[in-house]
Amino acid sequence: MKKSNSQEPLLIENDVDLRAFNTFGFSCRASRLVRVRSVEDVCAVIAHPELGRLPRFILGGGSNIVLTGDVSALVVKVEVSGLELVEAREDAWIVEAGAGESWHGLVEWTLARGLPGLENLALIPGTVGAAPVQNIGAYGMELAERFESLDAVDLATGHTRTLDRNECRFGYRDSVFKREAAGAFLITRVRLRLPRPWQPVLGYPDLASMPEESGNLAPTPSGIFDRICQVRRAKLPDPAEFGNAGSFFKNPVISSRQFRALIEREPSIVHYPLPGGDHKLAAGWLIEVCGWKGRSLGRAAVYDRQALVLVNRGEASGHEVMALATAIQESVFDRFGIRLESEPIVLGE
Ligand SMILES: Cc1cc2nc3c(=O)[nH]c(=O)nc-3n(C[C@H](O)[C@H](O)[C@H](O)COP(=O)(O)OP(=O)(O)OC[C@H]3O[C@@H](n4cnc5c(N)ncnc54)[C@H](O)[C@@H]3O)c2cc1C
């Protein structure tokens, strides 16, 4: 695995335009940005007489952030590379990836080597290192189901730690890195566990019809990968065309008592029962019913093919997107009494 030389000087840039570093395409500036390619680089930042004292923001691919202004914190851009099959157990393959690798690139890499299991998570933008932060999920699968462990540098001490699944405390689009340990660790490597024998995960509606469509031939990992890429390209805006951060709101989870009261008032509400009695509601449906699909506020808009996605129609600011998000939250709350929680991290002065 390629590791950068600890003797190499730190790659520091001043007054950097972050437009290319966030998928909303907001043109905010960072006073200082440093690229880290190894654990040694991370430790050098911590020990640096000037940089070590600054507040920090860890940046992957910028596909889950909203910049509402210039960033005075030191932006630490994670570029640790490397993809490797580290273990072939009887019941699983263990694959290790550097935190700066592209997540989708990792999915393609595993499939090309006959190591299936990540195909449902195809085409999610961003880096491998950010995937555990919000426990990425799509098409009936969450990262937690394929997670083995990760290495991270404790930014207070400079020590490297390995965290297993329990220590990461994964939840729905959630982990310890968004809560108790927010900003405390820089993830450098992630190990994924790909179960053997491979079993297709076809529970999601867009995939359930695959066996019939193929004349009941068993679905293959690459068939599922292709289908998911096709569906995602049709449903989601390409950030190169309309800046966005994917789903802007989490699907709300409510108790069975709240649900019973709600369904009486709103019998057509889209919902999914969860084990334990709670119900998950479709945030996109709530937004659509409130009349927001396709609507704009200033230069920010709700995507016309998917109400869960907010887009930059061109030169919008992070404040305009947040104003739209707030207006949506208020109207969903007024009608349903449910507070939508936003998914991306908001950053700026
Ligand atoms: C078109 C589109 C579709 C999307 N679809 C999905 C989807 O289906 N499912 C889904 O779950 N998400 C989806 N997303 C959201 C996004 O792709 C994921 O959240 C992704 O994991 C973010 O990766 P990133 O590298 O861009 O992280 P960033 O946006 O750079 O960072 C996100 C957070 O992670 C932290 N972070 C980043 N790297 C590290 C690291 N190495 N160590 C510690 N902390 C770190 C940052 O500080 C920040 O708090 C979508 C986004 C877009 C634009």
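Author: The following account treats the ligand and its shell, and then turns to the salt bridges.

The model is predicted, so local features need pLDDT of at least 70 and side-chain atom pairs count only at pLDDT 80 or more, while totals for chains, interfaces and linings use all residues. Residues are numbered from 1 along each chain as its sequence is written, and side-chain values use heavy atoms, with hydrogens and water left out.

The ligand is surrounded by 31 residues, where a residue counts as near if one of its heavy atoms lies within 4 Å. The closest are Ile-58, Gly-61, Ser-63, Thr-127 and Gly-137. By class, the shell holds 16 nonpolar residues, 13 polar and two charged; Ala, Val, Leu, Ile, Met, Phe, Trp, Tyr, Cys and Pro count as nonpolar, Asp, Glu, Lys and Arg as charged, and the others, Gly among them, as polar. At least two shell residues come from each of strand 3 (56-59), strand 8 (137-138), strand 12 (185-195) and strand 13 (243-247); strands are DSSP runs of E with at least two residues, helices runs of H or I with at least four, numbered from the N terminus.

A nitrogen atom of the ligand has a polar side-chain atom of Arg-232 at 2.8 Å. Of the 980 Å² that the ligand exposes when taken alone, the protein buries 93% (Shrake-Rupley method, 1.4 Å probe).

The whole structure contains 21 salt bridges, each a side-chain nitrogen of Lys or Arg within 4 Å of a carboxyl oxygen of Asp or Glu. Side chains of opposite charge can pair when their charged atoms come close. Asp-91 is partly exposed at 37% relative accessible area, as is Arg-193 at 25% (buried is under 20%, exposed over 50%, partly exposed in between; 1.4 Å probe, protein chains only).

Asp-206 and Lys-235 form another salt bridge, at 2.9 Å, which joins helix 4 (residues 205-208) to helix 6 (residues 221-235).

Key:
A polar contact is a pair of N or O atoms within 3.5 Å; within protein, one must be able to donate a hydrogen and the other to accept it, and residues adjacent in sequence count only if both atoms are side-chain atoms.
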